[in-house]
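Work through the exercises below with the sequence and the model at hand. Try each task before reading its solution.

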Amino acid sequence: MRQFPLEMHQVAPGRVVEWRLRSTAAAEAGGPDGPTGRRASFNQDKHFTVAEESRAADDPVASWLAVTFEVAGRLDEDALSRALLAFVQRHEVLRCAFRRLAGELACEPFDPAELALDAEEVGSFATSELLRGFLAERFKRSIDTLSWPLFTMGAVLREDSATVYLAFDHIVCDGMSMPIVVNEVLTAYEALCRGEDVELPSAPSYLDFAEEQRRRYLSIGADDERLGYWKSFIGRGGSFFPRFPLDLGVEPGRMYPIVNEASTLLDAAEAEVFEKTCATVDGKPFMGVLAAVAVCLREAGGPGVYRGLMPVSERGRGTWADSVGWFVNTMPIEFDASPGRDFAQVMAAVRAGFREMIGHIDVPFVRAWELLAPEEFAARSWPYPVNFFSYLDMRKCPGAERHEDWRPATHVWSARANGACSWFQRDTAGLHMNSLYVDTPAARRTMGDFQEALRLTVQEIARSGGFRRPIALTAPRRPAGTPLDVASFARRR
């Protein structure tokens, strides 16, 4: 299971059916009926606030997360409808309406017994290109942070197969929720087709997680000792947000259309060797990728000390493993990748930096942002291009053993940005990279060179067991923003 642009997905054409969620309660027009007071998480509150402010400024933001997967054989539409409804009923966050009450964002869940799905024939599409265009436009127009429901569900039906799709607003889910969607919907669908009861593990409500988070951290102040790690990071780097160190050609305060690209860095065999190479220096694959990223950024003109943001799961050891929600804290990480350090030394620095970061993970990112950078917190976006690294091993997620049958894929999209974000995924097919970045000539050059340099670097680690020679010997430093000569970089490796 990997993440790549929807436009790259080769979905076979067919007849499209969608299922619309509605409430059967008398109070439908006014939202959920019953008590209120469930408080949103810090992530959700900030996300909703940005949507509110953007709408008020007639500058609406737009983004979505989507998942697609395959069903073999002729689709049983009734069974899929029942599986989708059960999925929504099971996860409280999916049946919530969000409202601003007395300044706080409240989550008001609908009663699961009062929800229903209505099937709607959308039409038939003769080509994959037309179908992809329809899906991209559908996701864009149907996902609205300020309107319920916050997702759309449908399927492309053919005589001998179907492609199921679900697209969500980020406010109700995260990247690790996507394999949960696939596993639960298809497990329920297959059981229903066999005439069996659906059996799934416990999935505690994300609203309980959010409430506990609010209770613990809403009252802390900027002088709280738990913010010490953040303060030290800011003190050494000079700002709350670590800058992306290469030139993307962006102007301050301006947002740009995005480029959405994906590629494979290592095939399955190379990824296995890469993992073993990392283990020989007491590291994990994500540490090896992060070490390679740091070295490539430095070689292209970035600093010797890597500073970046890294999303970290808050699901805990099994507690929320099967729950849908936004269980992500974003933390700063810092380590030394200076010239002259070999692979083992850089990996040791990554390991130490990660250990230090994990030891201070308790304070939510949004709360730290609000307390330590209040002027930047008031803005609707991060202030400038930010160094960001994300890694997921999809082989370890629920349902991974069935991924070859189900062929799931994740897709992300955003209308605009002012920087670059890269996500790395490991699956049985290898190591993959998906990047969203600003569509400027400088960014296309910079990111194209960076991605190719990174591919060469991780391949070299897999082939030779590390950096071929100390990095300081490979090339003189270049000024920040100077395009990387990929061909000469390859020769130097």
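The model is predicted, so local features need pLDDT of at least 70 and side-chain atom pairs count only at pLDDT 80 or more, while totals for chains, interfaces and linings use all residues. Residues are numbered from 1 along each chain as its sequence is written, and side-chain values use heavy atoms, with hydrogens and water left out.

**Exercise 1.** Find the angle at which H1 and H5 pack, and the residues that meet.

Solution. Helices (H or I, at least four residues) and strands (E, at least two) are DSSP runs, numbered from the N terminus. Helix H5 covers residues 206–217, and its axis lies 9 Å from that of H1, at an angle of about 95 degrees. Axes are lines fitted to C-alpha atoms, for helices over the stretch in contact, and angles run from 0 to 180 degrees between N-to-C directions. On the H1 side, Phe42, Gln44 and Asp45 are in contact (heavy atoms within 4.5 Å) with Tyr206, Gln213, Arg214 and Tyr217 of H5. These residues divide into 3 nonpolar, 2 polar and 2 charged.

**Exercise 2.** Is Thr163 buried or exposed, and which side chain does the side chain of Thr163 meet in a polar contact?

Solution. Thr163 sits in strand E9 (residues 161–168). Its relative accessibility is 2%, so Thr163 is buried (under 20%; exposed is over 50%, partly exposed in between; 1.4 Å probe, protein chains only). The side chain of Thr163 makes a polar contact with that of Glu70, at 2.9 Å. A polar contact is a pair of N or O atoms within 3.5 Å; within protein, one must be able to donate a hydrogen and the other to accept it, and residues adjacent in sequence count only if both atoms are side-chain atoms.

Definitions and conventions: Nonpolar A, V, L, I, M, F, W, Y, C, P; charged D, E, K, R; others polar.
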